[in-house]
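Please examine the sequence and the structure shown below before reading on. The report then turns to selected residues and their surroundings.

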Amino acid sequence: MDKKIFSSNRKAYYNYEILEKLETGIVLSGYEVKSIRRSNVNLVDSVVRFSNGEAFAENIFIAPYEQISTHIADYDARKKRKLLMHKNEINKMCAKVKERGLTIIPLEVYIGGKGKIKLLIGLAKGKKMYNKKESIKKKDIAREMSREY
């Protein structure tokens, strides 16, 4: 099945060097799923944090669903959302973050193989300014090469 990507954090690939990727599930309510399926989600400035042996995605913006009932007036679009990961995955990622000073950022929101909404997270290391310029040069060279052919 071809995965349908609802949102991608393209800025993450520019600001960070992605060392490792992991697919996780995410706990959502029904109206959040409907909003994501309409691509009303933004991953910019989002991050994954660990507390009490659990992983949480923070600062993911999911716009309120238009047809939501009025009894949910206090909807927080940027609330913490629990990630569904195995304990050994959480422990491994948490150890890497503590040990090497890395960070974990959400990269994509998409539909997985069984129709479930999945979140692709990446273990990332911040890039320096000269690395960012180098990435831009590589992209420009690749673009020029593709234009010639």
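The structure is a predicted model.

Glu58 belongs to strand 5, which covers residues 54-58. Is Glu58 buried or exposed? Its relative accessibility is 18%, and the limit for a buried residue is under 20%, so Glu58 counts as buried. When residues up to four places away in sequence are left aside, Glu58 is in contact with Ser46, Val47, Arg49 and Lys80. With one of these residues, Arg49, the side chain of Glu58 also forms a polar contact of 2.8 Å.

**Asn52 in the loop**

Asn52 is located in the loop that connects strand 4 (47-51) with strand 5. The relative accessibility of Asn52 is 78%; because a value over 50% is required for an exposed residue, Asn52 counts as exposed. In sequence, twelve residues separate Asn52 from Pro64 in position, and in space the two C-alpha atoms are 29 Å apart.

**Charges and aromatic rings**

Lys80, which was named above as a contact of Glu58, also lies over the face of an aromatic ring, that of Phe56. Lys3 is placed over the face of Tyr110. The table gives the distance to the ring centre for each case.

| Charged residue | Ring | Distance to ring centre |
|---|---|---|
| Lys3 | Tyr110 | 4.2 Å |
| Lys80 | Phe56 | 4.8 Å |

How many aromatic pairs does the model contain? By the rule applied to ring pairs, the count is zero. In general, such a pair would be described by the distance of the ring centres and the angle of the planes.

Note on methods. Residues numbered from 1 in each chain as written. Predicted model: local features only at pLDDT ≥ 70, side-chain atom pairs only at ≥ 80, totals over all residues. Heavy atoms only, no water. Helix = DSSP H or I, 4+ residues; strand = E, 2+ residues; numbered from the N terminus. Buried < 20%, exposed > 50% of the residue type's maximum accessible area, 1.4 Å probe, protein only. Polar contact = N/O pair within 3.5 Å; in protein donor to acceptor, adjacent residues only side chain to side chain. Contact = heavy atoms within 4.5 Å. Phe/Tyr/Trp six-rings, centres within 6.5 Å; stacked < 30°, edge-to-face > 60°. Lys NZ or Arg CZ within 6 Å of the ring centre and 35° of its normal.
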